[in-house]
Amino acid sequence: SLSGMEGEVGVSYATHDDFQSKAYVSIPLNDSLAFSLSGLYSSRDIYYKSLIVDPADDISKGARAKLRISPSEDLDIILQATKIQSQGAGTALGANLAPKPLLQAAGQGTPPPDYVTNINDPAYSANATTIVQADGTWTLGGVTTRVIVSDQKVRAVTALDFDETPLPLVSFSHPRGFNDMKTAEVQFLSNKDSWGSGWLQLIGGYYYLESSAGYDPLQLYVGV
């Protein structure tokens, strides 16, 4: 904010050692320049009890830095960079509550109690996301032009027990999952000085997306 210094801090704690925290501060450097910084950290115990493997707790942390440049009422530019990391068992951990006849024949016909899992392979996921973005708005007469460009990179590691039983049947893992995305958008908007602004709103523009995603490699394990 260019109008004055702002800040916020929040902390909460709940069952399963669910700890959530966040902080934010915005500082105007002068009449046309402001800087803000925000961060978060959270951790939580897994509410599933595992009889064989020891699942990792869920942990998330991240930060965002933002710079606002507004040299005039007609021009406003926001530059920001975001980094978020998360890790833990998360949704990779589960229990087979409805075993198929084949598993029943192998002696796995009784599902575990609620919130108990007896998987034999690790269940884990970790993600790191980096986003760099620029957002600029320029008003000239009756036309407001907005340009948004961003570059996003995601790196992921995942392992899961697909059959969700104590038997070494099927499991997946990928040590190097990736998703790289570039976007660009141009908007042309009418404003209060546009012809017919009292009853007409015009929006036009162009959007570009370039994306590449996959696993390098995706590993499948099958055994008896």
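**Figure 1. A nonpolar surface patch.** Met5, Ile27, Leu29, Phe35 and Leu37 make a nonpolar surface patch of about 480 Å². Strands E2 and E3 are the elements that give two or more residues to this patch. Phe35 lies in strand E3 and is partly exposed, at 34% relative accessible area. Patch members have over 30% relative accessible area and no salt bridge, with nonpolar side chains (Val, Leu, Ile, Met, Phe, Trp, Tyr) joined within 5 Å and like charges within 9 Å. Accessible areas come from the Shrake-Rupley method with a 1.4 Å probe, and for residues only the protein chains shown count as cover. Please keep in mind that this is a predicted model, where local features need pLDDT of at least 70, side-chain atom pairs count only at pLDDT 80 or more, and totals for chains, interfaces and linings use all residues. Residues are numbered from 1 along each chain as its sequence is written, and side-chain values use heavy atoms, leaving out hydrogens and water.

**Figure 2. The whole chain, for orientation.** The protein chain has one helix and 12 strands, in the order β-β-β-β-β-β-α-β-β-β-β-β-β along the sequence. Helices (H or I, at least four residues) and strands (E, at least two) are DSSP runs, numbered from the N terminus. Of its 224 residues, 27% count as buried; buried means under 20% relative accessible area, exposed over 50%, and partly exposed in between (1.4 Å probe, protein chains only).

**Figure 3. Two aromatic pairs.** The structure holds two aromatic pairs. Phe19 and Tyr41 form a tilted pair, 6.4 Å centre to centre with 55° between the planes. Phe19 lies in strand E2 (residues 18–30) and Tyr41 in strand E3 (residues 33–44), so this pair ties together parts 22 residues apart in sequence. Phe19 is partly exposed at 27% relative accessibility, and Tyr41 is partly exposed at 33%. The rings of Trp195 and Trp199 are edge-to-face, with centres 5.5 Å apart and planes at 80°. Trp195 is exposed at 68%, and Trp199 is exposed at 62%. Rings of Phe, Tyr and Trp (its six-membered ring) pair if their centres lie within 6.5 Å; planes under 30 degrees apart count as stacked, over 60 as edge-to-face and the rest as tilted.

**Figure 4. Around Ser42 and Arg44 in strand E3.** Ser42 lies in strand E3 and is buried, at 13% relative accessibility. Beyond its neighbours within four places in sequence, Ser42 contacts Phe19, Gln20, Asp58, Ile59 and Ser60, where contact means heavy atoms within 4.5 Å. Asp58 also forms a salt bridge with Arg44, their closest N and O atoms being 2.9 Å apart. Arg44 lies in strand E3 and Asp58 in strand E5 (residues 58–72), so the bridge ties together parts 14 residues apart in sequence. Asp58 is buried at 14%, whereas Arg44 is partly exposed at 30%. A salt bridge is a side-chain nitrogen of Lys or Arg within 4 Å of a carboxyl oxygen of Asp or Glu.

**Figure 5. The largest nonpolar core.** Six residues make up this core: Ile46, Ala89, Ala92, Leu93, Ile119 and Ala123. A nonpolar core is a set of buried Ala, Val, Leu, Ile, Met, Phe, Trp, Tyr and Cys residues joined through side-chain atoms within 4.5 Å. Setting aside neighbours within four places in sequence, Ala123 contacts Ala89, Ala92, Leu93, Ala159 and Leu160.
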